[in-house]
Amino acid sequence: MVDGTDHTGQIIRPWAKNAQNHNVMIVRKLTDSRTELIQGTAYSVSASIGDGTVIYNGSDVFLNDSKAADTTYDYKFYSENWSGYSAGDTAQAPLKPASRTCR
């Protein structure tokens with residue numbers, strides 16, 4: 001699968017772990033909203049961080065997510081080490097309507 005959005009409205013995004021192979025936490029939020037995490041806090045999936053929601057916390061290197069069509073989300077990827085987090089990297093993904101035709 002490729003990076004981007006497929007014809008069903010699923011977001012498909014791979015990533016690479018850091019050199020220390022730390023787990024990754026992903027926070028999804030609407031664009032232009034603010035998300036701040038607290039160092040030393042352990043977050044689980046579905047936890048709220050500011051205007052964002054933790055949608056993944058683990059060792060995989062691939063995200064497959066779907067939400068409302070015609071909405072753009074920011075995804076922030078954090079390397080996690082004993083509840084200490086990196087500054088994070090942001091990716092943006094607009095979701096297309098599920099009725100979109102595959103080519």
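**Exercise 1. Find which residues Ser79 touches, leaving out residues up to four places away in sequence.**

Solution. Start at Ser79 and collect its contacts, meaning heavy atoms within 4.5 Å. Ser79 touches Asn18, His22, Asn23, Gly84, Tyr85 and Ser86. Before going on, a word on the model: it is predicted, so local features need pLDDT of at least 70 and side-chain atom pairs count only at pLDDT 80 or more, while totals for chains, interfaces and linings use all residues. Residues are numbered from 1 along each chain as its sequence is written, and side-chain values use heavy atoms, with hydrogens and water left out.

Strands are DSSP runs of E with at least two residues, numbered from the N terminus.

Finally, look at the side chain. That of Ser79 makes a polar contact with the side chain of Asn18 at 3.4 Å. A polar contact is a pair of N or O atoms within 3.5 Å; within protein, one must be able to donate a hydrogen and the other to accept it, and residues adjacent in sequence count only if both atoms are side-chain atoms.

**Exercise 2. Decide whether Ser79 and Ser46 are buried or exposed.**

Solution. Take the cut-offs to begin with: buried means under 20% relative accessible area, exposed over 50%, and partly exposed in between, using a 1.4 Å probe and protein chains only. Ser79 has 18% relative accessibility, so it counts as buried. Ser46 has 56%, so it counts as exposed. Ser46 sits in the loop between S3 and strand S4 (48–49), and its phi is positive, near 85°.

**Exercise 3. Work out how S5 pairs with S3 and S4.**

Solution. Two strands pair if DSSP finds at least two bridges between them. S3 and S5 run antiparallel, joined by five bridges; here Val27 stands opposite Val54. S4 and S5 are also antiparallel, with two bridges, and Ser48 has Thr53 as its bridge partner. Now check the turn: S4 and S5 form a hairpin with two residues between them, and Gly50 there has a positive phi of about 60°.

**Exercise 4. Name the residues of the largest nonpolar core.**

Solution. A nonpolar core is a set of buried Ala, Val, Leu, Ile, Met, Phe, Trp, Tyr and Cys residues joined through side-chain atoms within 4.5 Å. The largest has ten residues: Trp15, Val24, Ile26, Ile55, Tyr56, Leu63, Tyr73, Tyr75, Phe77 and Ala91. S3, S5 and S7 each give two or more residues to this core, and S7 supplies the largest share, three. A second, separate core of nine residues includes Val27, Leu37, Ala47 and Val54.

Note on methods: Helices (H or I, at least four residues) and strands (E, at least two) are DSSP runs, numbered from the N terminus.
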